[in-house]
Amino acid sequence: MAISRYVLLVFTIAMLASTAISDPILTKVNRHVENPGPLIMSEVLLAFPELQSKNLAYLTASSHETKGKPKGSVVSLPIKAVNLDDRPSAATFYSVLLPKEVAAGESFTLDVLAVFTHALRPVPEQITQADIQLVLYRDSVYYLSPYEVKVQSLSVKLPDSKIESYTKLESTKVHGSEIKYGPYENLPPFSLSPITFHFESNLPFAVAQELVREIEISHWGNVQVTEHYKLIHGGAKSKGEFSRRDFQARPNDRGASAFSFLVAHLPARARSVYYRDLIGNISTSHLRVDSRKSELVIEPRYPMLGGWKTAFTIGYGLPLQDFLYESEENRFLNMTFGSPMIELVIDTLIVKVVLPEGSSGISAAAPFPIKQWQETKISHLDIGGRPVVVLEKTNVVPEHNQYFQVYYKFSGLSMLREPLMLISGFLFVFAACIGYMHADTSISKSSASYLAKQQWEEVQVLIQKVQNVINRCLAMHDNLEASLRDLSRTGDVQACKAARKSADGLLKELSKEMKPLLTSLQAYSSAAQILPKVEELVAKERELQEKVMLKHSTAVEGYERKSGARDIDHRVALLQQKITALKQEVDDLLQFIDDI
Amino acid sequence: MAAVANMPVSDLLKSFKLKTKQQELLIRVSILCLVYILAFITRLFSVLRYESMIHEFDPYFNYRTTLYLTQNGFYDFWNWFDYESWYPLGRIVGGTLYPGLMVTAALIYRILHFLRFAVHIREVCVLTAPFFASNTTLVAYFFGKEIWDTGAGLVAAILIAVCPGYISRSVAGSYDNEGVAIFALLFTFYLFVKAVNTGSLAWSLASAFGYFYMVSAWGGYVFIINLIPLYVLVLLITGRYSMRLYVAYNCMYVLGMLLAMQIRFVGFQHVQSGEHMAAMGVFFLMQVFYFLDWVKHMLSDTKLFQAFLRITVTCAVTVGTIALGLGMLSGYISPWTGRFYSLLDPTYAKDHIPIIASVSEHQPTAWSSFMFDFHILLFLFPAGLYFCFKRLSDATIFIVMYGLTSMYFAGVMVRLILVATPAVCLISAIAVSATVKNLTVLLRSKNKGVQTGSTKGSGSSKASSKALLDQSQPFQKNGAIALLFGAFYLLSKYATHCTWVTSEAYSSPSIVLAARGAHGSRVIFDDYREAYFWLRQNTPPDAKVMSWWDYGYQITAMGNRTVIVDNNTWNNTHIATVGRAMSSYEDEAIEIMRSLDVDYVLVVFGGVTGYSSDDINKFLWMVRIGGGVFPVIKEPDYLVNGEYRVDKGAAPKMLNCLMYKLCYYRFGEMLTEYGKPPGYDRARGVEIGNKDIKLEHLEEAFTTSNWIVRIYKVKPPNNRW
């Protein structure tokens, strides 16, 4: 690239900070870029030495113009990795595309934020429970740059003021936990001068070797997030005894580098949160919910000493409407990419978005380069399986907690598929039951017991018919009684007579119906036991019928003769008594036949 | 009970225009459905109180094998050689377990997945026992119906649904053989009784298959194969021999035997071991009996028959004895096992097999636990026996025999209360049902009399004579009502007792311990899982862990590490070696541990929390079992005047043995209770005797937050230069 030869840059590396968090190192570079050359400049190259570039997890550059614009209008600039042939291969280059071209003589400020993981090395690598964890950080005092540097200074902020050693140069100042180098002026391109810091750090070195986040969308109103963590304490490995006694009595002194809890910031309306591992629920967790966020504090089963590992799963449900947006047929999920755990470095992050069965036109978009592919997952009531979008990224730091989107098409009707499947399943079970009840599964159709059973069934059908007829007769009697009551109320003799006439006809028909039933019942041998009762029933019913008729005609006659109500009552009373008794007997008989 | 419930509901049902029979059916089916659901949900206390997890010790092995079965398929499971247990011997899993439970759970899992319910195998395992308990209530209903009537069946279903004796082994998470086996046991018995009652080949075939399932599920099948011949023998003696019995027993025995031999763990034992000989003997006896019957039928001369009978019986008995004697002598028929002996003679185990005697569930049962597990059934049981004897039939004879024998076994071993429970429930159900039925019949006939009397009017002479007859009845009726209320009160007491017992005593997973804190809040000690998960995550995958055998299954299942001994106590010598290591001095123990490639030693210690079932309290058993094989370990060395103590007055060997050192390492500095000296052991209530413990060959690797589990690492040998 020819441009850089003509460009002279003024870098002021205002701050290089090894910040408070554990493993990642943040470097913030504030560059004041001036273009002295004759050419117009449209991009700036950033260089990282090999030592750092392999640990580089996150890089952004933003510019704010020097001419007094408010600080709020910071725009992050597009960055791409470039391969330069004529540059030392030990460095990796990224080029930042400037928002507008910088003419000769103009200047602007560029903020570069780079996050490195695994840049702190514990030295010594193994410590006992009583030892203090020391870490080593190496960097260059000069900012590696393909350009000439006019002014540069460096300040290093360490987590603690307890510094074991650091590289002393002529212009080094120490303020508590901050070490300042520089300013240095007029450095040639690619100047390097290594510096090391060896300092105490008891901050949690929580590293997730692998995190699988599964985001399952249910259009019934829930987004279920399940996160499987494989965690390791990435600091100095513990050696020798782990004494619980010491750890309990003097936690700050014995096992100071251990961490025993982690904090996750879940979205505000997270519900049904759980925390478990392979062998069951872990009871040591607390959830604090307020209107803006839910804070989940989880304790691993045991305190995490250096080099110790653990694995667990947390899961929570989120309301669908907070994360899913739709425009006509298209829907998209908008969620943060990284882990809700604060201060966690993730070596491999796999995000799986499980879409409902029947989704189509699936695509995913993320603000940083990412590996992605699709697979299917079979869950409850699935036939073909649900499409899963898998996104994978290595070296993830909390700065990656940006929104990513998954677009897909899904018709609302497909939602009904699962309930319908359930309904049809139950329907099938009931139909099968009905079918089984009606099917004749007997093997030998000619055996005696089978025939007897069949005959008995036929007898039962006949008896049912007899009962039916009797019941209709009884209903007829009730009709007659009702007509009598009407008569006493209205005195309409004609209507009463008409009722009697129709009843007569019907009863006659019924008795006709009864005859063939009785004769066919007599034909069955197995009915012999029940037959006398049936016959008795029929006889009693006929008697009852006669009495009812008699009562009816007596009453009607009485009315026609216009005799007094009391007189009629008196005449009917005896009949009435008999009728009640007979009715009782018929009822008993019916009950008896029923019970057989 | 059903009859009582019948009265108010029947009016409602009449509005549906149902016939009495249909009403009855509807009520019966809905009661059964409710009982089915009740039996399931009453066992879910543990899931609600704690979580959906596997309980206790053995279930962890079952869970692990089920997991293996679902992941690797049946053939791999059948041929599984487990390197992770009994190091360095290993265990042929397929040939040393009853696969019924695992296959059942895996089958349920497969079916659910086929129906597209993507459940985890753990949930299936956790809920297997309650599911089978529910099925058992159905079997109890049919069994009750078979031996008495539908009322007794319903009551039996209700009683067994909540009976604590059964719940103790079938709560959710108690994924053990017994959970399935009690169902199989009762089902087999039911099918056999049905076969005897009907003489149908189909039912006896079904009972053979039921027996096969039972054999595949639990070692308790020996009870079936001894009870049924005994029952047949009793029927023969009491002159109730019939063709039905012949068909039922022969078909069941022959087919059941052939099927049972397909289970690898049983195999030829079924025809060779002493425990199964009774069944075979009765089988041959039946043939002789049938033959004699036939001869009697053919010979008209009774004198001739008498002679023939004498000759045949003598021949049969001599041939049988000679065969048995020869088999015993040649070793072809193996003698009874220790477990079987200890059933017949409760003192046998204590003298001869300490490993059986050391298990708490093998102790003789205390009266209180009978009361605890049976409650009113204990009183109803004799009443039910009375009713059974009053209406003696083939079926009632069976249930009486089942009840009496299982009650005896329940008295010998605590865990066998489980086997007695179905019988006790059934017999009690007969008592309840018969009593309530008698009382309600009394009440109902009275009511009817009054009704008819009033409708017919006082003029009828018939009614008045009836009223005269009924004069004694007002008193009787009141008595009946009082008795009904009494029965209702007792039964409701039973229900509340059962619920209370279930929630308080039987729903604890024993992996997670819960205690009441100072302010009444619940404190959870999850130390076991803490330790096991630490082992799983932070030790090399091939690490060998030595612990007392109780924790073996849990370490392999939850910690996924190789253990030296586990709960399948098949090799007494191996266990004794571990016991010896634990009870030796450290420098002697290290030799044993090095020879066993031990990397970690795990001990359970309750001194900080006051958890009493820890290794110090089990230690005497380690000494006994170790001493049983290695005479260098002598129990008196650990006792002072026959007393077991850990304080200053303890025996010097006790104070310096490995177990003591591992449990109390650095415990002497610890203040456990306010106002007590440091090193105060809360489980035993004493100040420990050796506070200055130095470990030479081991180092503390991990101790859980409440000190319940302590893990030590065996240091590599020192360099010589």
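View 1. For chain A, the mean pLDDT is 82, with 90% of residues at 70 or more. Residues 1–23 of chain A have pLDDT below 50, and the model gives this stretch 96 contacts beyond near neighbours in sequence.

**View 2. Where chain B touches chain A.** Here, 32 residues of chain B are in contact with 34 residues of chain A. The buried area (accessible area, 1.4 Å probe, that two parts lose on being put together, summed over both) is about 3200 Å², and carbon and sulfur atoms give 47% of it.

**View 3. A salt bridge between the chains.** The rule finds 4 salt bridges across the interface of chain B and chain A, each a side-chain nitrogen of Lys or Arg within 4 Å of a carboxyl oxygen of Asp or Glu. Take a look at Asp526(B) and Arg301(A), whose side chains meet in a salt bridge at 3.2 Å, N to O.

**Notes for all views.** Residues are numbered from 1 along each chain as its sequence is written, and chains are lettered from A in the order in which they are written. In this predicted model, local features need pLDDT of at least 70, side-chain atom pairs count only at pLDDT 80 or more, and totals for chains, interfaces and linings use all residues, while side-chain values use heavy atoms, leaving out hydrogens and water.

Key. pLDDT = per-residue confidence, 0-100. Contact = heavy atoms within 4.5 Å.
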